Amino acid sequence: MNGLELWVFVPVAVLAVIGAGGLVGARNPVHCALFLMLNLLSLAALFLILSAPLIAALQIIVYAGAIMVLFVFVILFFVRPGQVYTVSYSLPLMYSLGALLSVVALGVVLTALYQGGLFHPGVPVPPTAETPLDVAAPASLGVALFSRYLLPFELTSLLLLVAMLGAVVMARRVSREPAGGKRSPEGDS
Amino acid sequence: MERIVVYSLVLSGLLFSMGMLGVVVRRHPLVMFMCIELMLNAANLAFIAFAWHLQEVSGQVYALIVMAVAAAEVAVGLAIIVAVYRYRADVDIDDVSTLRG
């Protein structure tokens, strides 16, 4: 890895951290969604640097396209006029407890990386594949996806089908339920 | 090990712990969901970094599958949140503590 890619990597990583911090700290959920979108786009740039262009494109299409549009739609669907977003917590210690938990998790990760010899440079990596294949090419990813990982791929499609049916069923039951006994204050149709 | 893999893994751990902090601290359910997405993306970054390090395409396949699972989770989770909102008209996660309909 030459220095140029590190010069690209570090500002993009800083952008990703800024996005994550804004997601945790912003008060308005729409601002949270925008900060998360900043984080997702900078992670797509990192995927490009790490020579995974297909994953980067899918990150932009699936996450920044579909999922974030869904999030923003649901957020705007439930914004009431004059709603005040409070960042209050049920426990007064919740800030410090959450910070302690996340610091402990980060410490565990860094300790595991250190124990795994990550920070010792020059450890030769044995080549795992017999023939060195080009990981940057989408063709190799497609070949792996349809030959060696065919079963997980098909199970993923089954999972998507089940999730779609579940979402449709839940939405239908909610829209039919106002005819029953239990009522929410708005929306009698 | 290459420096960029080290930086990627450290960034992945940092983003994961920030997402965990958000899930624990925030009380808006949609923001909690977005923090879960942040954690999934941190795991994806680690997968991609290891795929680059080992010159193996398996990490990218796992990242793809994680992405699909995240899409399914968002669909079902947002449907549940919409159902809860329609029923309760409430935005606080602490008040949604009963399992009865």
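**A salt bridge and the interface around it**

Glu56(B) and Arg148(A) form a salt bridge, with their closest N and O atoms 3.4 Å apart; the term denotes a side-chain nitrogen of Lys or Arg within 4 Å of a carboxyl oxygen of Asp or Glu. By this rule, one salt bridge is found across the interface of chain A and chain B. The model is predicted, so that local features need pLDDT of at least 70 and side-chain atom pairs count only at pLDDT 80 or more, whereas totals for chains, interfaces and linings use all residues. Residues are numbered from 1 along each chain as its sequence is written, chains are lettered from A and ligands numbered from 1 in the order in which they are written, and side-chain values use heavy atoms, with hydrogens and water left out.

Chain A has six helices and zero strands, helices being DSSP runs of H or I with at least four residues and strands runs of E with at least two, numbered from the N terminus. Of the 189 residues of chain A, 32% count as buried, that is, under 20% relative accessible area with a 1.4 Å probe, protein chains only.

The contact between the two chains (heavy atoms within 4.5 Å) takes 84 residues from chain A and 71 residues from chain B. Chain A and chain B bury about 7,200 Å² between them, 77% of it on carbon and sulfur atoms; this area is the accessible area (1.4 Å probe) lost on putting the two parts together, summed over both. On the side of chain A, Val24(A), Leu50(A) and Phe71(A) lose the most area to chain B, together 9% of what that side buries.

Terms used
Buried means under 20% relative accessible area, exposed over 50%, partly exposed in between (1.4 Å probe, protein chains only).
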